[in-house]
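Visitor: Could you walk me through this model, one question at a time?

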Amino acid sequence: MALLEIENLVVEFQTATGPFRAVDGVSMKVHEKEVLAIVGESGSGKSVSMLAAMGLLPWTAKVTADKLTFNGRDLLGMSSAERKKIIGKDISMIFQEPVASLNPCFTVGFQIEEVLRIHLGLDKAQRRKRAIELFEAVGIPDPAERLGHYPHQMSGGQCQRVMIAIAIACNPKLLIADEPTTALDVTIQKQILDLLMRLQAEHGMGLIMITHNMGVVAETADRVVVQYKGRKMEEADVLSLFESPKSNYTRALLAALPDNATGDRLPTISELFVDDPSLQGAAR
Ligand SMILES: Nc1ncnc2c1ncn2[C@@H]1O[C@H](COP(=O)(O)OP(=O)(O)OP(=O)(O)O)[C@@H](O)[C@H]1O
Ligand SMILES: [Mg+2]
């Protein structure tokens, strides 16, 4: 059975200028121990589709799906109390902007211990011990001292590690990592990716890796979903995607990799596929 199964997910935001469809009929599955990458340019609905699956979108979002299940349980049909028991425990997410996702008013120690208190019911001493272990696991030096720091006292890379520690605190079955390395410099990017892959292998988690970086896809993913303008353009195992991409959009993405360039200006999607009306114009 798939861990997360999504069929025909549609997300529509109510906006001042009328409804806006950010996700338009996306389907995907992720299994235990599998790494699924979701790629696509900015605005293609990658974050919104995962936030919808987690039930974390604001009230202005109308979410519908033919199927949205975790371990066979219907996420849309269950009560919000039931869903809260799963979210943050069995499914957790590393949010796109680590610094903005941490609460500036509380120490990082308090924030990780809250998760351990709410989901695992650990007492104060147990929480502190586990928080130190988690900070060690994600490579934060002097963890006992760091627990007393506020997010603004830490670097972007350290905040990212805190977010990862919080996300893995309850040994989730599924981890969704939303652009976990984009905000970081290249050396830290590699460390964070290695860390995520090591944790995924050690805990046998399913991992959804949202990225617009095809290098990250090649290095980490088993399977790939390519999104464009809120739609799924292609789904393939990682080798087939790079060797024989089926959709024009995937070919355009691959052609836009600087490694493949001849030194000339990189082509735009519309230029590459002038005959494909679905790929004309910028993403909304
Ligand atoms: N709360 C909201 N209200 C209205 N529109 C929204 C809201 N949140 C996101 N959107 C729109 O939904 C679309 C998809 O956004 P999303 O954040 O999923 O893109 P993304 O693929 O994650 O892009 P990026 O690579 O930049 O993170 C965008 O056009 C965005 O402006
Ligand atoms: Mg995003």
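Visitor: Between which two strands does lysine 229 lie?

Guide: This is a predicted model, in which local features need pLDDT of at least 70, side-chain atom pairs count only at pLDDT 80 or more, and totals for chains, interfaces and linings use all residues. Lysine 229 has a positive phi of about 50° although it is not a glycine. Strands here are DSSP runs of type E with at least two residues, helices are runs of H or I with at least four, and both are numbered from the N terminus. The loop that holds lysine 229 runs between strand S10 (223–228) and strand S11 (231–237).

Visitor: Is asparagine 71 buried or exposed, or partly exposed?

Guide: Asparagine 71 sits in the loop between strand S5 (67–70) and strand S6 (73–74), and its phi is near 50°, a positive value in a residue other than glycine. Buried means under 20% relative accessible area, exposed means over 50%, and partly exposed is in between, with a 1.4 Å probe and protein chains only. With a relative accessibility of 32%, asparagine 71 therefore counts as partly exposed.

Visitor: Which residues does methionine 1 touch, not counting residues up to four places away in sequence?

Guide: Methionine 1 belongs to the segment before strand S1 (4–15) and is exposed, with a relative accessible area of 76%. Contact means heavy atoms within 4.5 Å. On that basis, the residues touched by methionine 1 are His31, Asn71 and Gly72.

Visitor: How are H4 and H7 oriented to each other?

Guide: Two packed helices are described by the angle between their axes and the distance between the axes. The axes are lines fitted to C-alpha atoms, for helices over the stretch in contact, with angles from 0 to 180 degrees between N-to-C directions. For helix H4 (residues 108–120) and helix H7 (residues 156–168), the axes come within 9 Å and cross at roughly 15°. Angles under 35 degrees count as roughly parallel, over 145 as roughly antiparallel, 65 to 115 as roughly perpendicular and the rest as oblique, and H4 and H7 are therefore roughly parallel.

Visitor: How many nonpolar, polar and charged residues are in the contact of H4 with H7?

Guide: H4 brings Val108, Gln111, Ile112 and Val115, which meet Val162, Ala165 and Ile166 in H7. Ala, Val, Leu, Ile, Met, Phe, Trp, Tyr, Cys and Pro count as nonpolar, Asp, Glu, Lys and Arg as charged, and the others, Gly among them, as polar. By class, the contact of H4 with H7 comes to six nonpolar, one polar and no charged residues.

Visitor: And how is H4 oriented to H5?

Guide: The axes of H4 and helix H5 (residues 124–137) come within 9 Å and cross at roughly 115°. That makes H4 and H5 roughly perpendicular.

Visitor: How do the residues of the contact of H4 with H5 divide by class?

Guide: From H4, the contact takes in Val108, Ile112, Glu113, Leu116 and Arg117, while H5 supplies Arg127, Arg128, Arg130, Ala131, Leu134 and Phe135. Sorted by class, these residues of H4 and H5 are six nonpolar, no polar and five charged.

Visitor: What share of the 284 residues is buried?

Guide: The secondary structure of the protein comes to twelve helices and eleven strands. Residues are numbered from 1 along each chain as its sequence is written. Of the 284 residues in the protein, the buried ones make up 49%.

Conventions. Chains are lettered from A and ligands numbered from 1 in the order in which they are written. Side-chain values use heavy atoms; hydrogens and water are left out.
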